[in-house]
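Hi,

Here is the model I promised to pass on. Have a look at it first, and my notes follow below.

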Amino acid sequence: MWEPSSSVLSGSVTSSAILDRFRQGDLDAFEALFREHQRAVYGWILRIVREPAAAEDLTVESFLRMHRACARFDPGRSFGPWARRVATRLALDWLRSRPPECELDEAGAALPTAPVADPGVAAEIRLKTAQAMARLPPRLRIAAVLSLVEDQPHKEIAAALGISVTAAKLRVFRAIRLLRKDLERQGITP
Amino acid sequence: MTAYDDEGIKNLLKQALPPAATDAEPARDLWPDVLHRLDAESSPTAALPRSSSRTLPWFDWALIAGLIAFAVVFPAAIPMFLYYL
């Protein structure tokens, strides 16, 4: 899933000269990086926050943070994973700042999605599942969304969250356990 | 918990929260927004809200009021405060 963006995020496209200039605060280099990574960063944030307008704002904020921190960027490393980590941190803060009911009101309303909705699954069950998801602590929810909904590998999730692969797996496991308990309380047995 | 159980949860989640489209992109060019914010940050006066003095939290106002009241009641303490400032 999401191969094209992943290849961009690997940083292989960005030349080291641009990264060097970015590190020195060069605005043209920053714009080049922005143009190259904007879509990937936006797509990654959208997967987490699931709200296009918020994803746009957070994309802008992410790049501003990268610009502020340009001196700390190591040009020997890839820009993409660093950008993704900055974006993930901001998206997590955004999730933490919102009460779960806000997300339920707006979740998926304008989100461009892949066609997977099965008419056989009752709308009520879908709503209860979304509610259970929204009640998860943000740090578990982010891991669960990326792993279970977006099919991102644990390695990618771990890198984005700045944690070990084992910790990422553990968060997904704990999220599943909490979701299962919550759904069973509501009379749904997955 | 088995992998089979996880698949059940996974399927439910995918029905409740469909995965975002892989080719999703912003509805507009975000670079002008970034430039605008950079400009605002580079000029400190522009970055400050115009009514910044009115947006002080209540406890700051309470502290100021307390200090003024203290100075009125104990004016002799003012030189001591000035000495320590």
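This is a predicted model: local features need pLDDT of at least 70, side-chain atom pairs count only at pLDDT 80 or more; totals for chains, interfaces and linings use all residues.

Residues are numbered from 1 along each chain as its sequence is written, and chains are lettered from A and ligands numbered from 1 in the order in which they are written.

The axes of H5(A) and H8(A), the latter being residues 138-149, are 9 Å apart and the angle is about 125 degrees (axes are lines fitted to C-alpha atoms, for helices over the stretch in contact, with angles from 0 to 180 degrees between N-to-C directions). The two are therefore oblique to each other (under 35 degrees is roughly parallel, over 145 roughly antiparallel, 65 to 115 roughly perpendicular, the rest oblique). Helices here are DSSP runs of H or I, at least four residues, numbered from the N terminus. On the H5(A) side the contact uses Leu92(A), Leu95(A) and Arg96(A), and on the H8(A) side Pro138(A), Arg139(A), Arg141(A) and Ile142(A) (contact: C-beta atoms, placed from the backbone, within 7 Å). That gives four nonpolar, no polar and three charged residues (nonpolar is Ala, Val, Leu, Ile, Met, Phe, Trp, Tyr, Cys and Pro; charged is Asp, Glu, Lys and Arg; the others, Gly among them, are polar).

Chain A splits into domain 1 (1-103) and domain 2 (114-190), with bounds from an automatic or database domain assignment. Their contact takes 12 residues from domain 1 and 14 residues from domain 2 of chain A. H5(A) brings seven residues to the domain 1 side, the largest share. By class, that side has six nonpolar, one polar and five charged residues.

Then there is H2(A) (residues 16-23), whose axis comes within 7 Å of that of H3(A) (residues 27-49), crossing at roughly 125 degrees. This crossing is left-handed. Ile18(A), Arg21(A) and Phe22(A) of H2(A) meet Ala29(A), Phe30(A), Ala32(A) and Leu33(A) of H3(A).

As for confidence, chain A has a mean pLDDT of 84 (the predictor's confidence in each residue, from 0 to 100). Residues 1-12 of chain A fall below 50. Chain B has a mean of 80, and the complex gets an ipTM of 0.73 and a pTM of 0.72.

Cheers

How values were computed:
Two residues are in contact if their C-beta atoms, placed from the backbone, lie within 7 Å. A crossing is left-handed if the near helix is turned anticlockwise from the far one by less than a right angle, and right-handed if clockwise.
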